[in-house]
Amino acid sequence: MIDYDKIFDEIKPFDLPRKQKEEFLTDTLLKLTNHHYQNCPEYRKILDALAFGQKNKTYSDIPFLPVRIFKEFNMKSVAQENVVKLMTSSGTTGQAVSRINVDRVTSVNQSKVMAKIVSSFISSARVPMIVIDTDSVLKNRNMFSARGGAILGFTMFGKDKLFALDENMQLKEDELFRFLDKHRGSEILLFGFTFMIWSHFCNELKKRGLKLNLGGSVLIHGGGWKKLADSAVTRQEFKDTLKEYCGIEKVHDYYGMVEQASSIYMECDYGHLHASSYSDIIIRRSSDFSVAGVGEAGIIQAVSISPLSYPGHSILTEDKGVMLGEDDCPCGRKGKYFEILGRVAAAEVRGCSDTYENKRAN
Amino acid sequence: MSNMQQYVNAFMEAFGVEESAVATLKYQDVEAWDSVGHMQMISILEDVFDIMMDIDDIIDFGSFEKGKEVLAKYGVSV
């Protein structure tokens, strides 16, 4: 089948030029399509209905499943006893959630993809880490929400870690200062969701008049901008605040989804989101789902080599985006780079940051 | 305490298993050895043996047996 060990040994995250990446993804994703066809009854019905044949196809020809299908069907391509983890999407109250069945192989794939991608953005292998969230989101260990799963994925990078917020989302000021004292002079990795960082960290630092010395550190955040856009906070203001109050100059947003957890798209120093070798973005025209060109807005299709235990290797998201270019970003990374434009009309609100409801405000 | 005993203790502490169950244990065999438990176990081993593992080795650390090979890379023989 697919030799994942060989893939992770040989293929670096941001080195494949277009033609090689197309060959690699076509080979791997067609194998995955066949695997899911053989092992997932619901997926087989869909492909049969579409009369999909594999001959002379490239990865962009592989049918894409709308993400909502994972809410309506509990799809898996492995026996139930091999499912080791059920991941669920974040959603606001009352929304149905996606259920993603993860087996051992898929789980290891997720960790490896994540490790390769994020290592490209931090200077050394493992660093002290501050999670700007509460550790109570990890409490239910059998059923991870997307939020808990993302935090957990990133904690691999932390040598010593601190959850900076208590269960009431209050800043643990004393512990934070002790942690900073202990790791004075080291590069620190900070991770959190965009809205939580803004409301429970940036705003708290401002309110309490605290300035932190985190020069040389890296902050990675994700989960969506909608809630901040609603409060009229711009990307620039977000970055400026982190620089002014913490001295952090390296701030990287990322785009990702629970259906392809860990195949994340990280923002480079030039503000572009990058697809790694292990996954890709295809922008589709909303009129007929044909592939849109560079600079043309459309709906985002995402493909990833990780999902072996559920048919999520090619999905249609409910996000809009625009391709900015391929292989020629000034940061030097190969592959496509793009920008997110928001949600398609009538889509549900989702995203770890955007579905967060601030109970304390009421 | 021998390295082996400390290694065994780390598994017992992280996953709440009996000493007799440790030798054949693999990732996800018991509920406690999930991804949260995994990082707790790694953290205990790093403290006990005063090492810092690479991410690839943390991911490859899939069983009690495999872990011995990983630790050997850091000069810890168990």
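A salt bridge is taken here as a side-chain nitrogen of Lys or Arg within 4 Å of a carboxyl oxygen of Asp or Glu. One such pair joins the two chains of this predicted model, with the side chains of Glu46(B) and Arg126(A) meeting at 2.4 Å, N to O. Residues are numbered from 1 along each chain as its sequence is written, chains are lettered from A in the order in which they are written, and side-chain values use heavy atoms, with hydrogens and water left out.

The model scores ipTM 0.80 and pTM 0.90. For chain B the mean pLDDT is 93, and 100% of its residues reach 70 or more.

Between chain B and chain A there are four salt bridges. Contact (heavy atoms within 4.5 Å) involves 22 residues of chain B and 20 residues of chain A. The two chains bury about 1,800 Å² between them, 56% of it on carbon and sulfur atoms; buried area is the accessible area (1.4 Å probe) that two parts lose on being put together, summed over both. Met39(B), Ile55(B) and Ile59(B) supply 32% of the area that chain B buries against chain A, more than any other three residues.

Chain A is divided into domain 1 (1-69 + 273-346) and domain 2 (122-267), with bounds from an automatic or database domain assignment. Their contact takes 22 residues from domain 1 of chain A and eleven residues from domain 2 of chain A. The C-alpha centres of these domains lie 28 Å apart. About 1,200 Å² is buried between the domains, 57% of it on carbon and sulfur atoms. Of the area that domain 1 of chain A buries against domain 2 of chain A, 32% is supplied by Leu273(A), His274(A) and Ile315(A), more than by any other three residues. The count of salt bridges between the two domains is zero.

Beyond four places in sequence, the contacts of Phe154(A) include Met114(A), Phe191(A) and Tyr254(A).

Ile299(A) is found in strand β13 (residues 297-304) of chain A; helices (H or I, at least four residues) and strands (E, at least two) are DSSP runs, numbered from the N terminus. Ile299(A) is buried at 13% relative accessible area, where buried means under 20%, exposed over 50% and partly exposed in between (1.4 Å probe, protein chains only). Asp319(A) is 20 residues from Ile299(A) in sequence and 5.9 Å away in space, C-alpha to C-alpha. Asp319(A) also belongs to a network of salt bridges with Arg68(A), Glu318(A) and Arg343(A).

Over all chains the structure holds 30 salt bridges. In one of them, Arg235(A) and Asp253(A) have their closest N and O atoms 3.2 Å apart. Arg235(A) lies in helix α10 (residues 235-246) and Asp253(A) in strand β9 (residues 250-255) of chain A, so the pair ties together parts 18 residues apart in sequence. Arg235(A) is partly exposed at 42% relative accessible area, whereas Asp253(A) is buried at 7%.

Definitions and conventions
This is a predicted model: local features need pLDDT of at least 70, side-chain atom pairs count only at pLDDT 80 or more; totals for chains, interfaces and linings use all residues. pLDDT is the predictor's confidence in each residue, from 0 to 100.
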